[in-house]
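I opened this notebook to record what I looked up about ring pairs and charged pairs. The entries follow the order of my searches.

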Amino acid sequence: MNKPRAHHYCPQSYLAGFTEDGTLEGRLWVYDRVKKEVRPSKPVNQAHQRDFYRANVKDGEDPFILETEFSKIEGGTKSVIDHIHRTLTLPDMEGLGYLLSFTGLLAVRTPGFRQKI
């Protein structure tokens, strides 16, 4: 079974919302702070590190468990955000739970936060 190796600390589905057409294949404008330049890219190519969430686990356990669980929250959140865009209404309690979990994860799952702890 193929396991994801490019672990996005800012999910692709979230980045897609900032593309010109709102899709994963759409053009995303990125500012490079080091080079001090703006360039086009795609969500798949941004905000990720190889094996960033890979866990040191015992033999037989899944080292990609964090990436797998994050993807479940991201998928649920994408559905909630799509619903909000489509209906212009607030989500139900389950949807609110996804949004709160997602927002909290965005704050703590970055390389910068990892360096702080």
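**Entry 1: Aromatic rings**

I counted five aromatic pairs, where rings of Phe, Tyr and Trp (its six-membered ring) pair if their centres lie within 6.5 Å, and planes under 30 degrees apart count as stacked, over 60 as edge-to-face and the rest as tilted. Phenylalanine 52 and tyrosine 53 make an edge-to-face pair, with 5.0 Å from centre to centre and 70° between the planes. I noted that this is a predicted model, in which local features need pLDDT of at least 70 and side-chain atom pairs count only at pLDDT 80 or more, while totals for chains, interfaces and linings use all residues. Residues are numbered from 1 along each chain as its sequence is written, and side-chain values use heavy atoms, with hydrogens and water left out.

I then checked burial (buried means under 20% relative accessible area, exposed over 50%, partly exposed in between; 1.4 Å probe, protein chains only). Phenylalanine 52 is buried at 6% relative accessibility, and tyrosine 53 is buried at 4%. Ring pairs join Tyr9, Phe52, Tyr53 and Phe70 in a cluster.

**Entry 2: Salt bridges**

I found seven salt bridges, each a side-chain nitrogen of Lys or Arg within 4 Å of a carboxyl oxygen of Asp or Glu. In one of them, arginine 5 pairs with aspartate 51, their closest N and O atoms being 2.4 Å apart.
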